[in-house]
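Work through the following exercises with the sequence and the model open beside you. Each exercise opens with a task and is followed by a solution in steps.

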Amino acid sequence: MRRAVCPGSFDPVTNGHLDIIGRASRLFDEVIVGVLINQSKQGLFSVEERIKMLREVTASYDNVRVESFRGLLVDFCRDQQASVLIKGLRAVSDFDYELQMAQMNVGLAGVETLFMPTNPLYSFLSSSLVKDVAKWGGDISAHVPDLVREQLITRLRP
């Protein structure tokens with residue numbers, strides 16, 4: 001079985017994330033969306049909330065499942081019996097950082113990283129930017145699923 005992990009914090013999931021997940025789901029038998037538990041960083045949404053949103057917005061993909069993990073990504077991959085990571089790249093600046101991580105991951109555990117260029121529609125998009133725009137009342141409907149937009153509005157606006 002060809003199994004891949006698509007990791008991230010997904011705070012919140014954007015249409016850019018979903019584009020990468022959907023494209024990966026066509027290439028692999030199973031895609032595991034790995035939600036990082038980072039206790040040193042306070043997210044807008046709890047890990048449980050992010051998992052719930054991701055499960056809802058990826059429900060149309062029969063071969064995608066969502067799990068959380070802490071610690072080394074390569075250990076999560078080993079636990080999931082996945083030898084491939086899928087990473088979306090928005091710009092050259094993403095590549096610099098992700099290449100270092102990819103080289104470390106293959107060195108630590110033989111886990112390969114496949115880079116997928118982001119759809120140009122989402123090349124500027126980040127969770128942080130979406131949160132900022134939502135916080136100030138901007139229209140984010142083109143950038144996140146409706147469910148996520150509603151959750152952001154509820155969370156960020158009094």
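**Exercise 1: A pair within one helix**

Task: explain why Arg 78 and Asp 75 are separated by about one helical turn, and place their contact among the salt bridges of the structure.

Solution. Arg 78 and Asp 75 are about one helical turn from each other because they are three residues apart in helix α3, where helices (H or I, at least four residues) and strands (E, at least two) are DSSP runs, numbered from the N terminus. The model is a predicted one, in which local features need pLDDT of at least 70 and side-chain atom pairs count only at pLDDT 80 or more, whereas totals for chains, interfaces and linings use all residues. Residues are numbered from 1 along each chain as its sequence is written, and side-chain values use heavy atoms, with hydrogens and water left out.

Next, take the distance: the closest N and O atoms of Arg 78 and Asp 75 are 3.2 Å apart, and the two residues form a salt bridge, that is, a side-chain nitrogen of Lys or Arg within 4 Å of a carboxyl oxygen of Asp or Glu. Asp 75 counts as partly exposed because its relative accessibility is 31%, given that buried means under 20% relative accessible area, exposed over 50%, and partly exposed in between (1.4 Å probe, protein chains only). The structure holds twelve salt bridges, and those that share partners join Arg 3, Glu 30, Arg 65 and Glu 67 into one network. Arg 65 is partly exposed because its relative accessibility is 26%, and Glu 67 is partly exposed because its relative accessible area is 26%.

**Exercise 2: The loop between β1 and α1**

Task: determine which parts of the chain the pair of Asp 11 and Arg 50 links, and describe the backbone around Asp 11.

Solution. Begin with the pair itself: Asp 11 forms a salt bridge with Arg 50, with the closest N and O atoms 3.9 Å apart. This pair links distant parts of the chain, since Asp 11 sits in the loop between β1 and α1 while Arg 50 belongs to helix α2, 39 residues apart. Both Asp 11 and Arg 50 are buried.

Then turn to the backbone. The peptide bond from Asp 11 to Pro 12 is cis, with omega near 0 degrees, and Pro 12 has its place in the loop between β1 and α1. Phe 10 is also found in the loop between β1 and α1, and its phi is near 55 degrees, a positive value in a residue other than glycine. Phe 10 counts as buried because its relative accessible area is 2%.

**Exercise 3: The nonpolar cores**

Task: state which residues have the most contacts inside the largest nonpolar core, and which elements supply it.

Solution. A nonpolar core is a set of buried Ala, Val, Leu, Ile, Met, Phe, Trp, Tyr and Cys residues joined through side-chain atoms within 4.5 Å. The largest one has 32 residues, and Ile 21, Leu 54 and Ile 86 are those with the most contacts inside it. At least two residues of this core come from each of β1 (3–8), α1 (15–27), β2 (30–36), α2 (47–57), β3, β4 (84–89), α5 (127–135) and α6 (146–156). Helix α2 gives the most to this core, with five residues.
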